[in-house]
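I am opening a notebook on a structure that is new to me, and I will write down what I look up in the order in which I look it up.

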Amino acid sequence: MLAVLFYLVVRTYAQQIAQQSQDRILEASLTSLMDAAVVREGAVEVDVPYAAFAMLDTAADDRVFYAVHQGEALLTGYDGLVDGPFEPAARPAFQTQAFGEAEVRVASLTQSLPASPAPVLLTVSVAQTRDSLAGTLLAISVNAALFGGAFFLLAAGMALWTSRSTVRPLSQMAEAVARRGPRDLRPVVRPVPTELSPLVTSLNSLMTRLSASLTQSETFIAEAAHRVRTPLATVRTHAEATLMRVDKDENRAALRSMIRAIDESSRAAGQLLDHAMVTFRGDQMEQRPVDLVAVCRELVDRLTPVAEMKDLVLVLVAKGPVEVQGDPILIQNAVRNLIDNALKYSPPDGAVRIEVGADPVAIVVCDEGAGFPVGQMAELSQRFQRGVNAGDTVGSGLGLTIAQDVAEAHGGRLELSNADGGGACATLYL
Ligand SMILES: Nc1ncnc2c1ncn2[C@@H]1O[C@H](COP(=O)(O)OP(=O)(O)OP(=O)(O)O)[C@@H](O)[C@H]1O
Ligand SMILES: [Mg+2]
């Protein structure tokens, strides 16, 4: 746009200057013609000087016309070049008009010459075609266009260079920040242009605050579970001990419901904090190789005593190690909840199968119980949602939510199904 504007301004200005210089020569020619006019015995005589036309010579061989009028009558020259009425004036009048086939610039001047008995009104007009002017203008226009174009290219190049060199440190910084691990909240130390340093400073201060608040949450989650569970366990031990010493039925019933309430609170606190931990770690997940079979084997070993109390066996089915990129603590938490459900909701004297598949990567936990309550399967993995079969088992309705969140954090999903021969199957796709 600037280049076009530049072109137009230069062209208009050049046109004005060229016109002015043509007018000036026309005026000089006019003056010398006017000077050559004399009034002798009431008649006007003009001895047309050669120089009056010679000065109008141009490289483009422009044609020159002239006319001399006494009053309204043409004395000499071209008829129709100018029309009256003529009024005396101090300065010549200029006009661009068509004459014959050509376009001409006409200058004419009317003066009153003293004579007796009355002064004579003499009008001298000189006209010139505009070929040379047009040629000059064309040359100037071409040059202006070339300059405009070069100006545009230079400006565009410089603008590109400037924006690149401004944006480059920004994108390098963005790349460096994007490459970082999820827990890397160190301040950015890359050198950046002065204009960007307020941005970097506020980014760094944000990182510092974020890092502090993340550490706080992590500590809170880790400590809270411990701090809630330990006193609850103590109260539970006391309640159980008291239960053994109390004989009255109503007191025993009260103590039993107290123990149950303690169990519920302890479970709820544990599951809530586990859920918070899963959400927290899932948001900024650490990716490292995890062998799913090893994770499941450790859980089976740990939960076998619990299973044995219910006369259940835990069977681990796996062909070989299955490795995924993920967070072992999260995966372990999810599978523990699935096994925990199988142990809670299936009848004694059965088996719980934990199968690790490699293609697709999945952990399937199947039991031999009554299966998930049909009709409720879609909502069981929502927060605090328990099934109609939960009855009076202790639980908070967060186990499947945790498993599902873990699967999603690993780009997978949780699928619930009931086996044909009975039994619930929960599949954790990772
Ligand atoms: N293996 C299973 N067999 C039958 N029903 C199940 C099984 N696993 C889960 N359910 C049903 O799904 C519901 C939701 O399970 P979830 O694990 O989310 O919560 P919960 O076990 O009730 O509580 P908690 O948070 O303590 O695990 C359970 O209440 C139960 O009704
Ligand atoms: Mg559960």
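Before I write about domains, I note that their bounds come from an automatic or database domain assignment. What I have is a predicted model, and I keep that in mind throughout.

**Entry 1, overall layout.** I looked up the division of the protein and found domain 1 at residues 2-139, domain 2 at 180-284 and domain 3 at 286-430. Between the centres of domain 1 and domain 3, taken over C-alpha atoms, I noted a separation of 106 Å. Along the principal axes, the C-alpha atoms fill a box of roughly 160 × 45 × 40 Å. I then looked up the radius of gyration, which is 51 Å for the protein, whereas a compact globule of 430 residues would have one near 22 Å. For secondary structure I wrote down eight helices and 14 strands.

Of the 430 residues, 36% are buried, and the accessible surface comes to about 24800 Å², with 58% of it belonging to carbon and sulfur atoms. I also looked at contacts between residues at least 6 apart in sequence, and 63% of these join residues at least 24 apart. The side chains include 36 positive and 49 negative ones, and the centres of the two sets lie 14 Å apart.

I found serine 202 in helix α4, which covers residues 197-245.

The peptide bond from aspartate 359 to proline 360 is cis, with omega near 0°, and I place proline 360 in the loop between β11 (351-358) and β12 (361-366).

Aspartate 61 has a positive phi, near 50°, and sits in the loop between α2 (50-54) and β3 (64-70). Since exposed means over 50%, its relative accessibility of 62% makes aspartate 61 an exposed residue.

Phenylalanine 384, which is not a glycine either, has a positive phi of about 60°. I located phenylalanine 384 in the loop between β12 and α8 (399-409), and its relative accessible area of 43% leaves it partly exposed.

How values were computed:
Residues are numbered from 1 along each chain as its sequence is written. Chains are lettered from A and ligands numbered from 1 in the order in which they are written. This is a predicted model: local features need pLDDT of at least 70, side-chain atom pairs count only at pLDDT 80 or more; totals for chains, interfaces and linings use all residues. Side-chain values use heavy atoms; hydrogens and water are left out. Helices (H or I, at least four residues) and strands (E, at least two) are DSSP runs, numbered from the N terminus. The radius of gyration is taken over C-alpha atoms; the globule rule is 2.2 Å times the number of residues to the power 0.38. Buried means under 20% relative accessible area, exposed over 50%, partly exposed in between (1.4 Å probe, protein chains only). Contact means heavy atoms within 4.5 Å. Accessible areas come from the Shrake-Rupley method with a 1.4 Å probe; for residues, only the protein chains shown count as cover. Lys and Arg count as positive and Asp and Glu as negative; His and the chain ends are not counted. The place of a charge is taken as NZ of Lys, CZ of Arg, CG of Asp or CD of Glu.
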